[in-house]
Amino acid sequence: MSSQQYDAIVVGSGAGGAAAAYKLTLGGLRVVLLEKGDHLPTDGSTLDIQRVVHQGEFLSREAWLDGSGRRIVPEEHFNVGGKTKWYGAALLRFGEHEFAPDPAHGCRGWPLALRDLAPYYDEAERLLGVRFIANEPDLARILARLQRHSSGWQPQPMPMGLAADITAHGTEASHFDGFASAADLKGEAERSLLSQLRSHGNFTLLVNAEVAALLGSPGAPTTVTGVRLTDGRSFSAPHVFLAAGALHSPRLLSSYLRGTGLDRTLPAAMHVGRNLKLHLLTAMISLSLGVKTDLIRKTTLLVNGRFPHSSVQPLGFDDELIATLMPRALPVTARRLISRRAYGFFLQTEDGSDPRNRVQDQSASGSLPILDYDERRLVPAAREHHAFTRALQLALARTGMVSFTRRIGLNGTAHACGSLICGSSAADSVVDRDARVHGMQGLYVVDGSVLPRSSRVNPSLTIYAWGLRAGQLAARQFLEPSWTAKQTASEAGCAA
């Protein structure tokens, strides 16, 4: 088949891919966005607990192996908008200190500072319609009692990507966290960015277009010139952006490096797939006598100075959803009765970078890919998460709430990041500060793979900001090749 020619190819339509495509298209490039999945239905099925939670109808069925060789199925989504269709709408910025290294916690530093991403954080928040929602009565009472009976817990307003009138839509309001809106009431990649590109003649979105391989320039494998799909079609462009996610972008790059022999000569190759981060995650269900009637629930972020790498936020779960987290030994009627008196919380702790935590592609041998992640390699993070969880349990107990917890295991890859880490040098990273793969031409990474730190909050907004910045830099380079070099030198001077 003949290759279709574009100025830029974007692989994946999640946060980073959509953001990069948005900037590239507005910059005048001819862009093709390749999405492995299809558009989600808008018939309400993506809000149905039975189909979404119990049947897992919209989850990937792709099998992997864990580090011990056991078969697992990570909770991945392949659809237009990627995981952003399903996320819990929390859109938080990383703190300034979270761009710096923290060796005691095993955290790598960024090759840029908060000020470099700040304009793109601003833009992402505008595009996604970020707003604060007032705490509802039940949560307000819990927080008041928590602060009255325990010290150190600091509530902060939660920036949310929810429509202002979502409370007028009961099912949407109680089923936004882990569900896809059928009425476009959540700020996400398709609704907030890609829909704005439909009228642009220089933008093409192709669905059910799974990329099988990267293509290089004959005789010059360090220059990537396109991609080939599983159906045999190929596309060419001087700019190729990987945005397939932290589990899948490393596999595409690893396969290409191995096939061209660059895995033996390119310094950055040894870091591909390594330093995977997932966050240490725990769901906590807290019970008290009163029936809980809050609708949104997820309106506050709680932090505590004793646990600088951790945060907690309410789950946006109603009683029916909370019942799914109850012990299975309980009868269904008992679970529903108890869940009406429960509030859910989502605890997360930043995990550091360990090169043994990694994604491994084994397509050359026909074997399943490997997701090798063990939190026992992250002693400071594991210690803090355990202490943080226990501290919140005790604090809530003083308010009259009894809590039980459920760890989110290896299948929970919603926050996967860091497997193509960005840095200043190919000696210890894969991608540079401008999203370009070290030592290669024409290849960029714009998904969560690049994150050197996972921070103590959800990574979505930072991935959007990174994608916007990378897309803008590439568009300006395309139109004025000398601009990027000047801009990078200017930013480096400011950081010095």
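User: What should the 13 residues of helix H4 (residues 137–149) span at 1.5 Å a residue, and how far apart are its end C-alpha atoms?

Analyst: The model is a predicted one, in which local features need pLDDT of at least 70 and side-chain atom pairs count only at pLDDT 80 or more, whereas totals for chains, interfaces and linings use all residues. Residues are numbered from 1 along each chain as its sequence is written, and side-chain values use heavy atoms, with hydrogens and water left out.

At 1.5 Å a residue, helix H4 should span 18 Å, and its end C-alpha atoms are 18 Å apart, which agrees. The expected span is 1.5 Å times one less than the number of residues in the helix. Helices (H or I, at least four residues) and strands (E, at least two) are DSSP runs, numbered from the N terminus.

The buried residues of H4 are Asp138, Leu139, Ile142, Leu143 and Leu146. Seen down the axis of H4, these buried residues fall within an arc of 130°, so they line one face of the helix. The arc is that of the directions from the helix axis to the C-beta atoms. Buried means under 20% relative accessible area, exposed over 50%, and partly exposed in between (1.4 Å probe, protein chains only). An α-helix has 3.6 residues a turn, so residues three or four places apart point the same way. On the other side of H4, Pro137 and Arg148 are exposed.

The buried residues of H4 pack against strands E7 (153–157), E15 (300–304), E16 (310–314) and E17 (342–349), and against helix H10 (379–398). Contact here means heavy atoms within 4.5 Å.

Two of these partners, E16 and E17, run antiparallel and are joined by five bridges; strands pair if DSSP finds at least two bridges between them. Within this pairing, valine 312 has leucine 347 of E17 as its bridge partner. In E16, five of its five residues are buried. Both faces of E16 are covered, with Ser310, Val312 and Pro314 buried on one side and Ser311 and Gln313 buried on the other. In a regular strand the side chains alternate between the two faces of the sheet.

Beyond this part, the largest nonpolar core has 93 residues, and those with the most contacts inside it are Val227 and Met440. The largest share of this core, nine residues, comes from helix H11 (residues 460–479). Apart from it lies another core, of 19 residues, among them Leu47, Leu315, Ile322 and Phe346. A nonpolar core is a set of buried Ala, Val, Leu, Ile, Met, Phe, Trp, Tyr and Cys residues joined through side-chain atoms within 4.5 Å.

Valine 227 is in contact with residues that include Ile9, Val11, Leu34, Val211 and Phe235, leaving aside its neighbours within four places in sequence. Strand E11 (residues 220–229) runs antiparallel to strand E10 (residues 211–217), and six bridges join the two. Glycine 216 has valine 224 of E11 as its bridge partner. The hairpin of E10 and E11 has two residues between the strands, and glycine 219 takes a positive phi near 85° there.

At 1.5 Å a residue, the 20 residues of H11 should span 28 Å, and its end C-alpha atoms are 29 Å apart, which agrees. Because 16 of the 20 residues of H11 are buried, the helix is largely enclosed by the rest of the structure. Alanine 475 lies in H11 and is buried, with a relative accessible area of 5%. Neighbours within four places in sequence aside, alanine 475 is in contact with Lys23, Leu24, Gly27 and Leu29. The C-alpha atoms of alanine 475 and glycine 28 are separated by 7.6 Å, although these residues are 447 residues apart along the chain.

Asparagine 202 lies in the loop between helix H6 (189–192) and strand E9 (203–206), and counts as buried at 18% relative accessibility. A polar atom of the side chain of asparagine 202 lies 2.8 Å from the backbone oxygen of leucine 29. A polar contact is a pair of N or O atoms within 3.5 Å; within protein, one must be able to donate a hydrogen and the other to accept it, and residues adjacent in sequence count only if both atoms are side-chain atoms.
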